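The questions below ask what stands behind them.

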Amino acid sequence: TGLYRDAFPNVMQRLAKAIEQVAQLKEDNNSLWDNSQRIAQQLQQQGVEAQEAQYLSTVRIFSNASGEYGSGVNDAVVASDTWEEDSKIADLYISKMGYFYGSDNSRWGKKVGLVTGPDGQEKEVNLYAQQLSGTDVALFSRSSNVYGMITSDDPFEYFGSLALAVRNLDGKSPEMMISNLRDANNAKAENAAEFMAKELRSRNFHKRWVEEMMKEGYSGATTMSSNLTNFWGWNVVDPNLVRDDQWQEFYEVYVDDKLEVGINEWFS
């Protein structure tokens, strides 16, 4: 995110340098090397000079423009009257987050931009899209019991947008996984759909959680509302993670008052 980029640029550059060094190791089972060779070849075919293509092929850290924050996906998702196809949001995400942050400080936060191809025509090269294409798995870490998948818009805005982008590039979302680090002595990888289902069952659809939110007045209502909005965000960026019965449960709990807590009177 822009926060890490601006608060810890020295760490980002060290990470970028380490990635670059591994990407240059020609050895068996080095996926970084394999992918960098593929990208370098693609870039040269598009008209990028060989040495430049070699450098760009090793870049793996991307964000928005230096000094800017947010992917733009959260606002676009909520403004659902402004789009019909999710490709519009995917294009927005890839364009906005397509600035690269590699080991070369002189090109920190740049874009490849227009390149003159072999046919003499100028074309826009999006390095981020080329690096995302072919992604099999996206992984997101959760180490806090306070925050989950829908407690804020950040998870779907960044982690979820990877699924959105890859699906629009390759026709299929990657497998979405959570690195569950909540118990430091029992770290485990979990399917993101299952992780979110447990969050919904233990919070949003749980009577005790709803009652505790009701004690918080307008703040509790705002939390309920934002959680539902973020659940909708997941429905847009990766529908594979969302089930019809979960939408039905939201209706039964928050409209039909399934839990019999007087939710409608409280909302009023």
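Q: What is the volume of the largest pocket?
A: The largest pocket has a volume of about 1,400 Å³. The model is a predicted one.

Q: Which residues lie nearest the centre of the largest pocket, and how many line it?
A: T1, L139, F140, Y158 and L162 lie nearest the centre. The lining counts 40 residues. At least two residues come from each of α1 (2–7), α2, α3, β1 (62–63), α7 (127–132), β5 (137–142) and α8 (154–170).

Q: What makes up the lining of the largest pocket by class?
A: The lining divides into 23 nonpolar, 11 polar and 6 charged residues.

Q: Which residues line the second largest pocket?
A: M224, S225, L228, T229, W247, F250, Y251, Y254, V255 and F267 do. The elements giving two or more of its lining residues are α11 (218–237) and α12 (244–254). About 160 Å³ of space lies in this pocket.

Q: How do the lining residues of the second largest pocket divide by class?
A: There are 8 nonpolar, 2 polar and no charged residues. Tyr counts as nonpolar under the scheme used, and so do Trp and Phe.

Q: What makes a space a cavity and not a pocket?
A: In a cavity a 1.4 Å probe fits but cannot get out, whereas a pocket is an open set. The search of the whole structure finds 1 cavity of 30 Å³ or more. The largest cavity has a volume of about 40 Å³.

Q: Which residues line the largest cavity?
A: The lining consists of A16, I19, E20, Y55, T58, V59, R60, I61, Y101, G102 and S103. Helix α2 gives the most, with 3 residues. By class, the lining has 6 nonpolar, 3 polar and 2 charged residues.

Q: Why are α2 and α3 called roughly perpendicular?
A: The axes of α2 (residues 9–23) and α3 (residues 31–46) cross at roughly 85 degrees. Angles of 65 to 115 degrees count as roughly perpendicular. The two helices are therefore roughly perpendicular to each other.

Q: How do you know that α2 and α3 meet?
A: Contact means heavy atoms within 4.5 Å. I19, V22 and A23 in α2 meet L32, W33 and S36 in α3. These contact residues divide into 5 nonpolar, 1 polar and no charged. The helix axes come within 8 Å.

Q: How many aromatic pairs does the structure hold?
A: The structure holds 12 aromatic pairs. One of them joins F140 and F159.

Q: Why is the pair of F140 and F159 called stacked?
A: The ring centres lie 5.2 Å apart, with 20 degrees between the planes. A pair needs centres within 6.5 Å, and planes under 30 degrees apart count as stacked. Both values pass, so the pair is stacked.

Q: What makes this a link between distant parts of the chain?
A: F140 sits in strand β5 and F159 in helix α8, 19 residues apart.

Notes:
Residues are numbered from 1 along each chain as its sequence is written. This is a predicted model: local features need pLDDT of at least 70, side-chain atom pairs count only at pLDDT 80 or more; totals for chains, interfaces and linings use all residues. Side-chain values use heavy atoms; hydrogens and water are left out. Axes are lines fitted to C-alpha atoms, for helices over the stretch in contact, and angles run from 0 to 180 degrees between N-to-C directions. Helices (H or I, at least four residues) and strands (E, at least two) are DSSP runs, numbered from the N terminus. Angles under 35 degrees count as roughly parallel, over 145 as roughly antiparallel, 65 to 115 as roughly perpendicular and the rest as oblique. On a 1 Å grid over the protein atoms alone, a cavity is a set of points where a 1.4 Å probe fits but cannot get out, and a pocket is an open set with protein on both sides within 12 Å along at least five of seven lines; lining residues have an atom within 4 Å of a point. Grid points are joined across faces, edges and corners, and a volume is the space filled by probe spheres set on the points. Rings of Phe, Tyr and Trp (its six-membered ring) pair if their centres lie within 6.5 Å; planes under 30 degrees apart count as stacked, over 60 as edge-to-face and the rest as tilted.
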